[in-house]
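Dear colleague,

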Amino acid sequence: MRIPFDLIAALIALQAVQELFGNMLGRNAPDTVVYSAGQVDSSTGEACLAILGFWIIVWLYHEAVARRTLWQVRWGRFPEGVKSADGSPRKRHPLETHDLYEAAGQASAVLLYVLVIWYFRWPLKTYSWPEWLGLQHVLSEKALDRIGSSTLVKAFLDLGPYAGAMMLSWLPKRRMAQAMTGRRIPRLSWLSLEARLTFIPLAAWFAINLLVDLLSFTGAGDAADLLNDLSKEVGGPSETLALLAMFGFLVFAAAVLMPWVMLRIFRCRPLPDGDLKSRIDAVVKRSGVKVRRILAWGPKGSGLANACVLGPWAPMRYVLISPGLTDILSPEECEAVIAHELGHARHGHLALLLAVLLSLASLSELLARFMFFKHPLAQGAVYMLLILVYLRIFFGIVMRACEREADLASAELIGSPLPLASALEKLARLSGGIRDVYSWHHDSIAKRVAVLMQDGLDPERIARYHRHMRRMSLGFLCFTAVAVFLVLGLSIAHDLLAVAATAASGAFVGP
Ligand SMILES: [Zn+2]
């Protein structure tokens, strides 16, 4: 799984643009509102043409970047890049340079997306999707209004231009993956794997939109109304209730929803009986980690060679290993990889990820309270900056430390660092000589192997690193608790003041 920063940025930007257009105007109001002198009153056809143009630009850019990288590695014959004329190695691995160009392309694509949906008022046009399908000939006006206001469909259509651009950018990447790994990857299975890896974080967003739709279709009103009604009954703590609902949803999403969605999206199946399964079962038993099941992750043809552990809550905890990985690794190496994944669970890394999520949500709330920008787009940019800095820099440090501890935990459980080191080296070689390629969340394989071989043989050094991680986790959990309590305290104070103000005004108007 990956964190699609560009998609998150597009989502934040979309929400800012929707806010700019008066998010809650509904289906019948939009045309009457004039927003900005810079915009034209464009037709839906013109907007679609602009989106098409946006897609072509994004595809051409990624095509050019992929061709450049393919040339540097001479279509996979020199995966680490052709040496310069004097024989000195390259300063940067071609894949690292490729990632930089891709990141620049993604940032530009988000800006272009914002420009297109704002200039052509896309979020206002998507209210008319039932008319696009000609449903006005078969449905009543009331029914049209009802389905036209579906937030789930609107969410799909509003984000659609960016999601489409993302998918187009994956096409050239497939040729690169084929050249680097020397394996043929069918186009459809490549696209479906990329989509599953990228769009999973959207599951929670779609779940919220679905919930809003269900509430409004069943006549319960929307979620905000529901919270308000509820808060009136208990005396007005609307902000605190909303905040508690958000924290509750985040915990539910991380502990239950995500593992559930992952298993279904990747159609995970039980591992076939045999030597490998009994070896893995024995490693799980030895580790003492409670795991619900160990499953095969994803189809064989997709080229996915990875393993992961899901679920901070033991009854919903699964270890996944892809058939693409078990095919290339020896049984001993597979055991070591599973021991690494179990290390994440055993040393509380999954709970730490949940704390990262909660602290980020609390920081966003605090930011919302003290936001000095009034314009929705400027506010969106500040949120994006917070997420980028927090996840890429801060969370990156935490993740890399967790990977290091899980590597050492594997050496501890297996009794030797060698099987994991050899698995990592094999993966680096088969993925196109990526041994020295830096990864912001996993570090480079070269560095991981060096640490593993240096510390993995010495139980005292491993124990010292566990102690260091315990201190770091404790510090981080305290930070999260402070952030959560601070934001909760502020909203309780806000709600109490609101209640007091209501009571005071009641005293004046009363008899
Ligand atoms: Zn790991």
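In this predicted model, helix α14 (residues 331-346) packs against helix α17 (residues 418-430) at an angle of about 100 degrees, and the two axes are 8 Å apart. Because of that angle, α14 is roughly perpendicular to α17. On the α14 side, the contact is formed by Glu332, Glu333, Glu335, Ala336, Val337 and His340. Pro419, Leu420, Ser422 and Ala423 contribute from α17. By class, the residues of this contact of α14 with α17 comprise five nonpolar, two polar and three charged.

A word on confidence is in order. The protein chain has a mean pLDDT of 85, with 89% of its residues at 70 or more. Among the elements of the chain, α14 has the highest mean pLDDT, at 96, while helix α10 (residues 223-233) has the lowest, at 56.

The pairings, taken in sheet order, are as follows.

- β1 and strand β2 (residues 293-296) run antiparallel and are joined by two bridges. Proline 270 stands opposite leucine 295 in β2.
- β2 and β4 run parallel, joined by four bridges. Leucine 295 has leucine 320 in β4 as its bridge partner, and arginine 293 has tyrosine 318 in β4.
- β4 and β3 pair in the antiparallel sense over four bridges. Valine 309 has valine 319 in β4 as its bridge partner.

Other helix pairs

How do the axes of helices α2 and α3 cross, and at roughly what angle? The axes of α2 (residues 44-72) and α3 (residues 94-119) come within 10 Å and cross at roughly 175 degrees, which means that α2 is roughly antiparallel to α3. From α2, the residues that meet α3 are Ala50, Ile51, Phe54, Ile57, Val58, Tyr61, His62, Val65, Thr69 and Gln72. Their counterparts in α3 are Pro94, His98, Tyr101, Glu102, Gly105, Ala109, Leu112, Tyr113 and Val116. This contact of α2 with α3 has 13 nonpolar, five polar and one charged residues.

Helix α7 (residues 151-181) and helix α8 (residues 187-199) form a further pair, with axes that come within 10 Å and cross at roughly 130 degrees. The angle makes α7 oblique to α8, and the crossing is right-handed. Met166, Met167, Trp170 and Arg174 of α7 make the contact with Arg187, Trp190, Leu191, Glu194, Ala195 and Thr198 of α8. Six nonpolar, one polar and three charged residues make up this contact of α7 with α8.

With kind regards

How values were computed: Residues are numbered from 1 along each chain as its sequence is written. This is a predicted model: local features need pLDDT of at least 70, side-chain atom pairs count only at pLDDT 80 or more; totals for chains, interfaces and linings use all residues. Axes are lines fitted to C-alpha atoms, for helices over the stretch in contact, and angles run from 0 to 180 degrees between N-to-C directions. Angles under 35 degrees count as roughly parallel, over 145 as roughly antiparallel, 65 to 115 as roughly perpendicular and the rest as oblique. Two residues are in contact if their C-beta atoms, placed from the backbone, lie within 7 Å. Ala, Val, Leu, Ile, Met, Phe, Trp, Tyr, Cys and Pro count as nonpolar, Asp, Glu, Lys and Arg as charged, and the others, Gly among them, as polar. pLDDT is the predictor's confidence in each residue, from 0 to 100. Two strands pair if DSSP finds at least two bridges between them. A crossing is left-handed if the near helix is turned anticlockwise from the far one by less than a right angle, and right-handed if clockwise.
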